[in-house]
Structure formats: C-alpha cells, structure tokens
2 protein chains.
Amino acid sequence: MIIVKIGGGKNLNLEGIINDLSNLKEKFIIIHGANALRDELAEKLNKPKKVITSASGYNSVFTDEESLDIMMMAYAGLKNKRIVEMCQQVGINAVGLSGIDGKTVQGKRNVGIRVKEQGKLKILRDFSGKPKSINTELLKLLMENGYVPVLSVPIIDENGFAINSENDDIVAVLKEAMNADKVIQLIEAPGFLDDPKDPNSLVKEILKEDLERRENQVDGRMKRKILAIRKLFENGKGTVFIGDGRTENPITDILNGKGTVIK
Amino acid sequence: MIIVKIGGGKNLNLEGIINDLSNLKEKFIIIHGANALRDELAEKLNKPKKVITSASGYNSVFTDEESLDIMMMAYAGLKNKRIVEMCQQVGINAVGLSGIDGKTVQGKRNVGIRVKEQGKLKILRDFSGKPKSINTELLKLLMENGYVPVLSVPIIDENGFAINSENDDIVAVLKEAMNADKVIQLIEAPGFLDDPKDPNSLVKEILKEDLERRENQVDGRMKRKILAIRKLFENGKGTVFIGDGRTENPITDILNGKGTVIK
C-alpha cells in the first residue's frame, strides 16, 4: 500500500499527479495539503495566518477558531473536493475525508505552545494537536470496496473537537497503522536538496541512518519534514520517496528514482 | 430510515438539532444547506451570488466556476465539517460526503437556462444540474457499519464534473433510492404557513392531494419547495415533516406534530 502525500504548494501539477495515479497498480491513499490556498483565502478574508515561534525555536501556525474555519474551507472544502473531482474524471473512485469524518484521524490537542514574550515564558493554546491513531476499519472498509480515501486536516481531538495538525505527522501515524510500505511525498522541488537554494544539488538516496545528520543541515519547515521522515522509520520499514510534483508524470518519475529515495 | 434535511439559514439551532438527533432510535442520513454562509462568504470575497430569472419565471443561482469554489468552501468545507464535529461531540459517528465523493449523488448537468435578455431568448449554461441517482451501496456500507452520512452539494455530473443542485431535488432522489419512510425538513419557520408573513398561520397537516393547490398559493423558493415535496410522493409513500429548526429540541417537536405533516 502506498501513501501519496500531495504538498500544499500552488505550483504542483495536480492533474498530472492524479492522472498518473490512475495507472498505479497498487492500492493507495491520498493525503493533501492546501497551504498556498489557505494563505490566499486568509488574506482575502483579511485574516492572515498567525505564526508563532516557540521558545525552542520552531515556527508554528497558531490556529484559533477563525483560522480553523478557513482551514476547513481551504483544505476539507475547496482543495479536497477539487482533488476528488479530478480523481473521478480519471476513474479513481475517490472519497474525501477529513480526520474528523468517522474519526479517521484521532489526535490529542496540544496543551499549549511555550513562547517567549518580552523575555517571559507564556503558554498559548490553540486548536492544534498531534495525531495518535487512525480509524483503519473505515479506511479498509472503503478501500476493500473500491474507494480511494483522500484525506485532509482537520483531525479530531480526544474531546471531539476539530484541530489542525501537521500532515507529516499524520503520514507517520497513517503509515504505521495501515502498514504502508511506500510513502510518496510530492513537493515543489526535485527532491531533497543538499543546498536548498540549488535545484541541481539533488540527493538521490539517503539511508535512514543518515537522517539525523541531514536534519541538522537544514532549517524551518524542512527541518520539521526531516524529523517527520525519521519518525516514519521509527516503527517500521519501507521506502520514502520525495520528488517533484510539478512534472508531467510525477508518480512515474518518482517511483523510477528521479527524486530522493530514503530507505 | 429518516432523511433529515437541515436548511441553510443562519438562525437554525444546529446544536439543538444534532443533540436531538443523538437520541433518535431510527437510522438517519443528514443533508444540509449553507445558503446564508455561502452568501456571506461570497460577499466577503467580493463575488456576490448571481441570480438569474428563467424565461418561465423561476429564479436560479447561476453557478460559474468561482461560485462552485465558494460553494465547496461553504457547503462541503466549513458547514459540513462543523456539523460533523457537532455530531462527533454527541456520539454520532458522522461521515461528511459531498455528492462527488464516491459518486454519492450522480446527476445530469443542465443544458442551460433560457433567459430573456432585452427581449431575446438566450441560453446560459452553468455548473448546475439535476440529481438522477444515488450510490446506495456506499451509503448502506457506511450505515451498516455504524456511520451516519452527512451529505452536501456539489453533486457529480455525467462527465465527472462537480455541479450545484437543489437540495430539495436531492432529497427526492435520495428518499426513493434509500426507501426512506420519513423526511424531516428543518426550516426557519414553524412549518408551512398559510400566509407566509404570518407565523401564526401554521398548516398542521397537508394531504398530498392538496399539494398542487398549495403550490399555486406561494411564490419563489417556497413554490419550488412545494414542487419538490410533490416529487417526494411521486414514487413512494411516507411522511414529510416540515418544522422549526430554531427550537430547543427541533426533531422531537417535529415528530410530535408541532410543524406541518404531509402524508
């Protein structure tokens, strides 16, 4: 089973990706982002995304109730349904699900983010959290009956509230729960770059033993991404492919080793 | 089996409705609108709803691609996910589905609306259409496994495109396909009013033979609604309840005959 993670950048070739997926022999689940769309919508609605920096130096989106509304519109609404529509047009019988539908992705709400404000530590609590478990019964029920789940945030917390969560973390929990042997990550770059500014510095292969070193090599979102990829290997084997979602046949290219392969 | 149609007005007591539904013994499917939310969002995005009047005198929303985007955000995104969240909080294991997910609601795209412009007849074609069939297998699969489907537009046309459709028409097709014996329609009024301007003119009971006369009594959306209710009886028996979705326990009230009962 393959987990196909489609990034939220606006330059991904969504039609190419979906068309390519329709030729895939193995079963798969799609999970997608919608960062660019969310940011654009938030700006139009005059509710720009709030980003806070934790005391330990990680940047996080701060999700208040209005941000969650916008997230539901951008991720579970527009992006999810347009992807489902594209799937249907090439014969993939997709069913879009957010993590709250049938409690597909259950998580635990964060107790709060420790931030420094004017030298003082303070706790800010938002509607975000970490995925903990998957309703594998529902996903299997759908897949055994010919449907392809198309997942997006929000996920559901321990009290039934919708919360935001990092897709990379969801992929890690999903991979273990569904026993997926492959994860394909489609991004707006040729794969993992030795120098993030140089598209010609593609790293063709990373051994999982090397991930910690690579994590120290990068910053920001990429640091978090590598950390998440390390988690993918904590509880299981398999192969992670990171590759360019902007080409004509992204899935074929990536499975043929044109991106970065981590194993 | 009961079909529960939640109107798209902003004054409905959604929490009361959902809470009340959690005590229901019979199986049910929810289908919801989001008119007020859609209009509000469209206005904020500076894309006000386009309404055109057909040559035969019916008003219709004209759904271009941008309107469809907004519809996906308001209906399948924000409204659907907030309803699913409320359901989960009272123990209803809801799964939100638009009509394109798993081709739950399949329709036929309208060939166009005949309008009169400066005295001349003209055809305008948008992304809208009529529901024709239901993927009952998917709905039954979910319901037999303890899930409650929460449906919204868009639906899917014969070429795999997302299209807008009237919820009343979807309810009619759904009722027949799922062999539902009850339809509950929750609106922002005590029920069917003899005089739309007088909330004290509630009609407690309408016999289906009387519907045609009632249809001629009203205008606009209500006319379309009565027409849709007539269709509910074309292919089957059952009871339609129209009642106030603003009370504390709307479902209990309506099933106890506090609204309009049509049979």
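How many residues of strand 10 of chain A are buried? Strand 10 of chain A, residues 148–152, has 5 of its 5 residues buried, so it is mostly covered. A residue is called buried if 20 or more other C-beta atoms lie within 10 Å of its own, exposed if 12 or fewer, and partly exposed in between, with C-beta atoms placed from the backbone.

This is a predicted model, in which local features need pLDDT of at least 70, side-chain atom pairs count only at pLDDT 80 or more, and totals for chains, interfaces and linings use all residues. Residues are numbered from 1 along each chain as its sequence is written, while chains are lettered from A and ligands numbered from 1 in the order in which they are written.

Helices (H or I, at least four residues) and strands (E, at least two) are DSSP runs, numbered from the N terminus. In strand 10 of chain A, V148(A), V150(A) and S152(A) point one way. P149(A) and L151(A) point the other way. Residues on both sides are buried.

Two strands pair if DSSP finds at least two bridges between them. Strand 2 of chain A (residues 28–32) runs parallel to strand 10 of chain A, with 2 bridges joining them. Here I30(A) stands opposite V150(A). Strand 5 of chain A (residues 94–98) also runs parallel to strand 10 of chain A, and 5 bridges join these two. S98(A) has S152(A) as its bridge partner.

**Backbone exceptions**

Most residues other than glycine have a negative phi, and most peptide bonds are trans.

P154(A) is in the loop between strand 10 and strand 11 (155–156) of chain A. P154(B) lies in the loop between strand 10 (148–152) and strand 11 (155–156) of chain B.

N46(A) is exposed, because 7 other C-beta atoms lie within 10 Å. K103(A) belongs to the loop between strand 5 and strand 6 (105–109) of chain A. K103(A) has 21 C-beta neighbours inside 10 Å, so it counts as buried.

**How the chains meet**

Two residues are in contact if their C-beta atoms, placed from the backbone, lie within 7 Å. The contact takes 30 residues from chain B and 30 residues from chain A. On the chain B side, helix 3 (65–89) and strand 5 (94–98) each supply at least two residues. Helix 3 of chain B gives the largest share, 11 residues. By class, this side of chain B has 15 nonpolar, 9 polar and 6 charged residues. Ala, Val, Leu, Ile, Met, Phe, Trp, Tyr, Cys and Pro count as nonpolar, Asp, Glu, Lys and Arg as charged, and the others, Gly among them, as polar.

Chain B can be laid on chain A by a turn of 180° and a shift of 0.0 Å along the axis, with an RMSD of 0.0 Å. That is the relation of a two-fold axis. G77(B) has the C-alpha nearest the axis in chain B, 1.7 Å from it. Copies are superposed by least squares on the C-alpha atoms of residues with pLDDT of at least 70 in both.

Why do the copies meet through the same surface? Of the interface residues of chain B, 100% are also interface residues in chain A, so the same surface is used.
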